[in-house]
Amino acid sequence: MMLSHRVGRACHVLVLVLCLSAAEDFDWSANNHDSFYYGTFPNGFSWGAGSSAYQTEGAWDKDGKGLSIWDVFTHKKGKTFLNDTGDSSCEGYYRIKDDISLMKELNLNHYRFSISWPRIMPTGIRSDHVNEKGVKYYDALIDDLLEHNITPIVTLYHWDLPQVLQEKYGGWQNISMINYFNNFASLCFERYGDRVKHWITFNNPWSAAVEGYETGEHAPGLKLRGTGAYRAAHHIIKAHAKVWHTYDTQWRNKQRGMVGISLSGDWGEPVDITNQKDIEAAERYVQFYIGWFATPIFHGDYPQVMKDFIGRKSAQQGLGTSRLPTFSSQEKSYIKGTCDFLGVGHFTTRYITQKNFPSNRGSTYFSDRDIAELVDPRWPDPGSEWLYSVPWGFRRLLNFIKTQYGNPMIFITENGVSEKMLCTELCDDWRIQYYKDYINEMLKAIRDGVNVKGYTAWSLLDKFEWDEGYSERFGLYYVDFRNKNKPRYPKASVQFYKRIIKFNGFPNQREVENWKRKATETCSTSNQLLAADPLTSHMEMVTEVVVPTVCTLCILISAVFLMFLLRKRN
Ligand code: NOJ
């Protein structure tokens, strides 16, 4: 009896172990490119569009806002395309009502935006000053969204660190950011948490760390190769965990919201899925990307492969400790599990193969990975140089997340495609194709069992695209940046996305093909509008410059004439 019980238990444990290890294994060889799947999303699936403060608000120095690292960075020469800045951008700060009407046009369930830290805390330090005008702006935005039944999904940090914190402490290189960020987050929970139930601590910390502190392409523009990004990421992860705990202990009971983080990750596909070296290289690529942040948050520590590679290379360079910082065991348990939902930003895919970078030539985050990235020249790339359309990579990434992190609740926080600046084409059939195929792969992932609850098209409007300035347009709506009123025009993809939302997916082939036809029909009319736009700007120039000048001249001439008459009389 005892023995059979024990055997029974052992079998049970064995089955459990087998199940667990099966659940944790991602199948690298299962890349089947299925055909288009017609079907709908689960009831209650949330459809949205997104933006971020620095990219859309403008009003960079208005109503008591302090400077952010992006204000300072873009005002230096040579940092962005054509020295573009976000000074006025879409003037979103003044256009809440207009933009909400665009969201209503799409019938969005949610809108994702970010709060500019220096707009509500000019120096970044709560005890210095809270800018009530800035607080009110987000109050109004949240209220208006809710009034229109649009759920706000709010990001606390979309890269615009207060400049004072950069200058005084070195920004994310400094551990003190953790408390400053926690104070900022606490103020947001205090002021907005009665209405906001979805919080994202950080947006794409990979970019903030790598492009901000390793390559210097983004603000604050530091090039601390091989160490800067790791250090910044280390503090960001701790800051995220601290804010999650603050919410958990002080606000959750009362406010009943959720706190997550939004991680961006390209998918890495082995060049040869039968080659173990390629598989390992591809996995490294993904672990150094999304795994860098997700593994500590879900499992308590950095991915083993990062610890191994960076540790080994650091030792070869004669360093006493790894360039990758370590978490104490207390920190590990504090960080583990600090995610109510995972935000996923995804745009593109790369083929990956193994490539050794000798550590004696100095190290960077990139050379630490020992990989080479390749693209298939047949992949479409209508806009940003880095953005190839590879829809199946999306399903692969989502399945990878499911297997690695215990099938967390996911919100897609960014997905979309750009076009080049000079393209004033509103008939964006390539964007329609991108959304159609990527959203379809997400639907397939949901059928695979991935727990995706919502999707955010990136982005609602064309906007300031960081170091690329205004040269890359991601919007569903075209923004004419030359016109000071920043008018918005719907691209054809608005009509298409609107129908996906209305039908909660793709009902059948005939219907979906019809959508595309209808979408491109309407856009030709809007194109005429846009073509007429230079005329509008010309008219504005006439009223603003020519009319006042002519009037002044008339007054001057009359005055001279009058003086002449008076003199004659005398
Ligand atoms: C990710 C960033 O979070 C977002 O701000 C940017 O617009 C997109 N990438 C596209 O580059």
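Trainee: Where does R225 lie?

Mentor: R225 sits in a loop. That loop runs between α9 (205-213) and α10 (228-255). Keep in mind that this is a predicted model.

Trainee: Is R225 buried, exposed or partly exposed, and why?

Mentor: Partly exposed, because its relative accessible area is 46%. The band for that label lies between under 20% for buried and over 50% for exposed.

Trainee: Which residues form the positive surface patch?

Mentor: K76, K79, K223 and R225 form the patch.

Trainee: New topic. Which helix holds M306?

Mentor: M306 is in α12, residues 304-316.

Trainee: Buried or exposed there?

Mentor: M306 is buried, because its relative accessibility is 0%.

Trainee: What does M306 touch, leaving out residues up to four places away in sequence?

Mentor: Its contacts are Y230, Q287, F288, W292, G311 and L324.

Trainee: And how far is M306 from R284, C-alpha to C-alpha?

Mentor: The separation is 7.8 Å. Along the chain, M306 and R284 are 22 residues apart.

Trainee: Zooming out, how many helices and strands are in the protein?

Mentor: The protein has 19 helices and 17 strands.

Trainee: What share of the residues counts as buried?

Mentor: 56% of the 570 residues.

Trainee: What about contacts between residues at least 6 apart in sequence?

Mentor: Of those, 77% join residues at least 24 apart.

Technical notes. Residues numbered from 1 in each chain as written. Predicted model: local features only at pLDDT ≥ 70, side-chain atom pairs only at ≥ 80, totals over all residues. Heavy atoms only, no water. Patch = residues over 30% accessible without salt bridge, like charges linked within 9 Å, V, L, I, M, F, W, Y side chains within 5 Å. Areas by Shrake-Rupley, 256 points an atom, 1.4 Å probe, with all protein chains shown as cover. Salt bridge = Lys/Arg side-chain N within 4 Å of Asp/Glu carboxyl O. Lys, Arg positive; Asp, Glu negative; His and termini not counted. Charge placed at Lys NZ, Arg CZ, Asp CG, Glu CD. Helix = DSSP H or I, 4+ residues; strand = E, 2+ residues; numbered from the N terminus. Buried < 20%, exposed > 50% of the residue type's maximum accessible area, 1.4 Å probe, protein only. Contact = heavy atoms within 4.5 Å.
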